[in-house]
Amino acid sequence: MTYLTVENLSKSFGIKPLFSGITFGLSRGDKTALVAPNGTGKSTLLKVVAGKESPDGGEVMVRNGIRMAWLEQEPELDNALSIRAYIGRAGSETAALIQRYEKAVQAQTDHYSDETQQEFDAALAAMEAAGAWDYEQRMESILSKLGVTQLDQSIGTLSGGERKRVALAFALLENPDLLLLDEPTNHLDVEMIEWLEAWLIKSNITLLMITHDRYFLDRICTHIIEIDGGKLYHHKGNYSYYLEKKAERQEVEQVEIGKAGQLLKKELDWMRRSPKARTTKSKSRISAFYETEKKAKQKTEESQLRLEVSMTRMGGKILELEKVSKRFGDTVIMDDFSYEFQRGERIGIIGRNGVGKSTFLNILTGDEPVDSGTLDSGTTLVYGHYRQRVVEFNEEQRVIDVIKDVAEYIELADGNRISASQFLEHFMFPGKMQYTPVGKLSGGERRRLALMMVLIKNPNFLILDEPTNDLDLITLNRLEEFLMDFKGCLIIVSHDRFFMDKLVEHFFVFEGNGKIRDFNGSWLEYRAEQDALEAAARERKSAEREKAQRAADTKQAGAQPAGQKSLSFKERKRYEKLETEIEKLTAAREKLEAEMNQTGLSPEHITRLAEQYAETGEQLDALELEWLELAERAG
């Protein structure tokens, strides 16, 4: 069943054509990614498909009755609303169903009869069929997974990343048939990305998205649409399959370009003959010559310059941290952290949003003071720090001038040097584009330019904080090549797992409360370790739940007698939430128990842990009793 058809779509930005002749379709269950370089109109194409912009030509057809949701790259939300109120707007039909259910419960309680029982059964069935039954619980659950917990907070106070996550939750809660996502993994930490990944994989939703996250692409997508050189290519498969087919296509193109080059030499001799030798019969041959010349001058990605820069010399001492501590209020970023950086180290930094990763980077460069401890850096250290925040450019300044203001040339390891213009061209800013005002660049192109401003300084201690956001796949490959040849110290914070696995050797894992663990291995190895720990925890919790359920079943005395009060909507919500709360308290008690078993604790510390353990146990007993009582009434 076809959900979406796009026919001969075209769109221009001023006099600049973004895309032309775009034709494709999406069938039910397709999970499709759109891949193209920055500046080719990917986000605009998604806006046209969503009906938020009109095309210059062609049409978009969506099957009747199909519900569509759209997550834009920079969501526009109503600042006057709270998060709860904004998300709740999607539930108007749900609210009506909830009210009907509550009335049926009350009527059955006030005056039980066959009629009130039938209305109760009908209302309950409607709630189940519409998925409205657990709407608020799903809302809170999805927002919690995306790191948004203060639901009464005003949207006007949210950061850009928080706004993106709220908008993503809104799109998912609508239960659409067709979901459009523009860079959904931006502003998500890795745990959030993996949750979203699992959610999309298990759902039957039809998906069209733009993303540069290659693990995300590989695991979710069944179809990749590529726009390359103004042409549209379809790849029925995941990202690995797409790479394979693209490599085959480029190999064929390279052979054709080589043949065109040989033919061009012969044709050039003919074109240089006396003009008198050309007759009207030669016009077709002249036209063919120019076509051959165009093909012969084509550049493929393999022909691009490989950059290995001549890094500023590093001395024996790089950077040493000794018992460094840092906190903001009750949030502990670092607690007596010590580390000595070695020449050529490649370190990835991972952890949930808000644990202090960016603060840690600012401490390394001296931009953020520490509460205690010392930092001792070598005299030859030259920092390059790419930050998450958007760089403020002079909108009228040309791209080439922005880079020349930083450096005119960059020296290579072989002693040669390349100009700022050549450096820009390597990172996908061709000659004509270099003389474009910054104000005309796309979001991804602006971030790429900011990254070039850091790299051309030729640092020997390079810090990259989320460098992959909004970069297209071609630029990512360029950046990875550059960094693989980089000989200095490299520290990367990124949610792009593919990027990290390709470039780093070990990880600083920010586990919260100031604890930083050094993990030697790849991201996939770290994830495998975490999966094993989580599986063991789930088995323990499952055994506890089964035990509680058996106890509830034992107490269950057959069918609910006439007149016994059913669970209200609020009680039903409480019943569903109790299991999550019990799991959290169980995990907290296990953590306290493990801490109490550590050696070397002071008597005061042991006493405090014991009090917390006893208090947690009492809370857990109370919740389990409440759960059993509600379970018995729920039947």
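This is a predicted model: local features need pLDDT of at least 70, side-chain atom pairs count only at pLDDT 80 or more; totals for chains, interfaces and linings use all residues.
**Exercise 1. Classify Arg398 by its relative accessibility, then describe its salt bridge with Asp401.**

Step 1. Arg398 has 34% relative accessibility, so it counts as partly exposed. The classes are buried under 20% relative accessible area, exposed over 50%, and partly exposed in between, with a 1.4 Å probe and protein chains only.

Step 2. Residues are numbered from 1 along each chain as its sequence is written, and side-chain values use heavy atoms, with hydrogens and water left out.

Step 3. Asp401 and Arg398 form a salt bridge, with 2.9 Å between the closest N and O atoms. The criterion is a side-chain nitrogen of Lys or Arg within 4 Å of a carboxyl oxygen of Asp or Glu.

Step 4. Asp401 has a relative accessible area of 23% and is therefore partly exposed.

**Exercise 2. State how many salt bridges the whole structure holds, and locate the pair Arg100 and Glu119.**

Step 1. The search of the whole structure gives 27 salt bridges.

Step 2. In one of them, the closest N and O atoms of Arg100 and Glu119 are 3.1 Å apart. Arg100 belongs to helix 3 (residues 92-110) and Glu119 to helix 4 (residues 114-130), so the pair ties together parts 19 residues apart in sequence. Helices are DSSP runs of H or I with at least four residues, numbered from the N terminus.

Step 3. Arg100 is partly exposed at 33% relative accessibility. Glu119 is also partly exposed, at 33%.

**Exercise 3. Describe the salt bridge between Arg527 and Glu194, and the burial of each residue.**

Step 1. The closest N and O atoms of Arg527 and Glu194 are 2.6 Å apart. The pair links distant parts of the chain, 333 residues apart: Arg527 is in helix 17 (residues 523-555) and Glu194 in helix 7 (residues 190-202).

Step 2. Arg527 counts as buried at 12% relative accessibility. Glu194 counts as buried at 15%.

Step 3. Elsewhere, a network of salt bridges links Glu197, Asp213, Arg219 and Arg497.

**Exercise 4. Explain why helix 11 counts as largely enclosed.**

Step 1. Helix 11 (residues 357-365) has nine residues, and eight of the nine are buried, so the rest of the structure largely encloses it.

Step 2. The buried residues are Lys357, Thr359, Phe360, Leu361, Asn362, Ile363, Leu364 and Thr365.

Step 3. Just after helix 11, Gly366 has a positive phi of about 85°.

**Exercise 5. Place Thr149 in the chain and give its exposure.**

Step 1. Thr149 is in the loop between helix 5 (135-145) and helix 6 (160-173).

Step 2. At 54% relative accessibility, Thr149 is exposed.

Step 3. The C-alpha atoms of Thr149 and Ile83 are separated by 9.5 Å, while the two residues are 66 residues apart along the chain.

Definitions and conventions: Helices (H or I, at least four residues) and strands (E, at least two) are DSSP runs, numbered from the N terminus.
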